[in-house]
Amino acid sequence: MTQPLLSIDDLHKSYGSEEVLEGVGLEMEQGDVTVLIGPSGSGKSTLLRCVNRLTEINSGRIALDGQDVTGTDTDVNELRKQVGMVFQDFNLFAHLTALENVTLGPKKVLGMDAADAEEAGRTHLEQVGLLEQADSYPAELSGGQKQRVGIARALAMDPELLLFDEPTSALDPELVGEVVEVMRDLAAEGITMLVVSHEMDFARSAASDIVFLDDGEIVEHGPPEQLFQNPTAERTEQFLSRLHAHEETA
Amino acid sequence: MSTAESTTSPNPGLRDRVGTVFTVRPLTVGLALFWVWVLARWTTDFVLAGVLGLDRGTPFVPAAPFLTTADTVASLAAPLGVAGAPLVWLADTLRFAADATAYLPALAHGIWTTVLLTVFSVCLGFTLALPLSVVRVYGGRWARWLALSYTELIRGTPLLAQLFVLYFATSLTQVLRGVPGVGVGFVPAQAFWVAVISFTLNSAAYQSEYLRASLESVDGGQLTAARAIGLSKLEGIRYVVVPQGLRLALPSWTNELVYLIKYSSLASFITVQELYGRTSTIANETYQYTELFVLVAILYLALVVSASALMDRVESHTATAGVGHTRQ
Ligand SMILES: Nc1ncnc2c1ncn2[C@@H]1O[C@H](COP(=O)(O)OP(=O)(O)O)[C@@H](O)[C@H]1O
Ligand SMILES: [Mg+2]
C-alpha cells in the first residue's frame, strides 16, 4: 500500500469554546484533486489553515508524506515550503511586481540566487499566462490576473501540495474562467490540490474527490459523479440544491 | 497646485505660463540661490580658508554699496516728511543688509551645525524607531509595554526638559568630553553630541509612533501570505510589511524632519552654536533683534522648504501603485 501524501485523522479545532472542526479525517494521494464544499462557517478555511499550520490544532493528527505536521518540533517554515497556499483575496505583496512576488520565496526561503529565481519565476508566470505582466504591480492587474500571480507565487516554491481557499470568490464572474482554466491545467499536470471552491465547473471536470463539510464534520466524501448525482446524506442534498439555485440566479 | 489651476482656466496657455513664472520658478530659484550661497560659504570657510590660509568668514559681498544706497535713499526721504516713511524703511533695510553681510558667514556656520544636528538625529532616531515600532506591533506583551512606556515618556515630556536632564543632570557631558576626537577639528564639541543624543531619543519616540501606525495599516493578509511561502515572522515583517509601512510613513516622516529642523534650535540652550544660537548671540551684541530674527526665520524657512522638496522627490521616486496614496 502506498502511503498517502496527506493524511488527516480525527482533527479537532476550537476557537475559545466554539468547536469549529469536530474530528475531521481525510486522505489524499499524490495527484489527487480534492474539492472541499460546505456552507459558510463550516470550517473549510480553518481546515486548510491547519494543514500549513497558519492555525494550530487542538488534537488529532496531520501528516504530509508520512511526516508529522503538527508536532512542536516540526519546522513550520520547512513545512510551508512543501505546502503552497492560494488565498481568496490574493494577498499579493503590494510593493512588489508580479515577478518579484513570485521570486521572493525562492530567493529568501529556498536560497536561490536572483538570476535563477527570475528565470524560474518567468517560467511560472508563463505557466499562468502572465509573462507580459511580469513588471506590473498588483494594483495594476485585474482580479483574475492577481489570482494567477498568486498561483504562480505558490507554484514557484515547487510544493508537494497546493491549498486553494475560495480562489475565485472575490472575482467578477467574467474573470472566474481564466483562473479556473489555470487550475484545471495544474490538475491535469498531476499537481496535488486541496481546493475550497463552489465552482461546479471545476469540481465536475477536475476533481478526483468531493468532500462536503458541514458544521465541522465531513458529512460526505466521494467522487464528483456520485456526490453530485446521488448524494447519500440529506444535508448534502439540501446544500447542493441551494447551490444550484444560487448558480441559476447568478 | 499650478497644474490644478491651469486645468480649470479658460486660457490654459497663459495660466500655465503665469503659474510657472510666479509659483514654481521663484521658489526653485530662491532655494537654488540659498544652497549655492550655503555651499560656497562652507567650502570657502571649512576647506579653502584652511588650504589657502585665508581668514574664515570673509563676507562675499561688501557692505559699502548697501550703505551708499541707503544714504542716497535717506537723503531723498528727508524733504518728504511723513510721506517719506517707505523710503526711510527702505534705507533702514539697506543698512541692515549692510550689517547682514557681516553676519551671514556666521549664520552659514550655524546652518552647518543645524543641518548636522537634524540629519544625525533623524537618522539615528530612525534606526531606533524601526525596531521600536516593530516591537509595538508584533512584540510580546512585556516588550510591547516597554516600548509603549518609552514612547509615552518621551512624548509626554518637553524636549527642552529632556535636553536639560541629559546636559545638566547626567554625567553624559563629562563622558563625551573624554571621548578622543570630540571637539577636535571638524568634530563638534560635547554639547553638540548631547543634543544629538537627546534629539535622537526624542525623535525615535515620535518616529516609532508614525511607523507603528503605518505598520498597523498594512493589511494582515500580507504577513499571512509571507508566512505561507515559508518566510519566518521576522522575515515576513522585514521583506513584506516594513517596506510597505515605510512608504506609508513617508508623509509623516517629512513632518518629523521639518519639526526637528526647527526644534534643533533648542540646542542653543545648552551652548550649541547652531543657527538659532548664532543669531541670538549676534542679536545680543548688536541689539538688531527684529531684523536678525526676521533673517533667521527666512533661513529656517529655506531649510524647511528644501527638506519638504527633497522628501517630495523621495516620495515620488518610491511611489508604487497600490501602496499608500499615489499621485498620478
Ligand atoms: N481566527 C478565528 N478566531 C475565532 N473564530 C474563528 C477564527 N477563524 C474562524 N473562526 C470561526 O470558525 C468558524 C469556521 O470558520 P471558517 O473556517 O472560516 O469557515 P469557512 O471557511 O467554511 O467559511 C466560523 O464560525 C468562524 O467564525
Ligand atoms: Mg473560508
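This is a predicted model: local features need pLDDT of at least 70, side-chain atom pairs count only at pLDDT 80 or more; totals for chains, interfaces and linings use all residues.
The UniProt record, an unreviewed entry, places the feature "domain: ABC transporter" at residues 6-240 of chain A.

User: Which strands are the edge strands of the open sheet in chain A?

Analyst: The open sheet has six strands in the order S6-S7-S8-S3-S9-S10, with mixed pairing. An edge strand pairs on one side only, and in chain A these are strand S6 (83-86) and strand S10 (217-222).

User: Is S8(A) mostly covered or mostly uncovered?

Analyst: Buried means under 20% relative accessible area. With five of its five residues buried, S8(A) is mostly covered.

User: How many bridges join S7(A) to S8(A)?

Analyst: In this pair, A:Phe164 stands opposite A:Val195 in S8(A). S7(A) and S8(A) run parallel, and the bridges that join them number five.

User: Through which helix does the chain cross from S7(A) to S8(A)?

Analyst: Helix H6 (residues 173-188) of chain A packs on the sheet and touches S3, S7 and S8 of chain A. The direction of H6(A) makes about 145° with that of S8(A). The β-α-β crossover from S7(A) to S8(A) is right-handed, and the helix it passes through is H6(A).

Notes
Residues are numbered from 1 along each chain as its sequence is written. Chains are lettered from A and ligands numbered from 1 in the order in which they are written. Side-chain values use heavy atoms; hydrogens and water are left out. UniProt positions are given in the numbering used here, feature names are shortened, and annotations may be inferred rather than shown by experiment. Two strands pair if DSSP finds at least two bridges between them. Helices (H or I, at least four residues) and strands (E, at least two) are DSSP runs, numbered from the N terminus. Contact means heavy atoms within 4.5 Å. Axes are lines fitted to C-alpha atoms, for helices over the stretch in contact, and angles run from 0 to 180 degrees between N-to-C directions. Buried means under 20% relative accessible area, exposed over 50%, partly exposed in between (1.4 Å probe, protein chains only). A crossover is right-handed if, with the strands pointing away from the viewer, the path from the first strand over the helix to the second runs clockwise.
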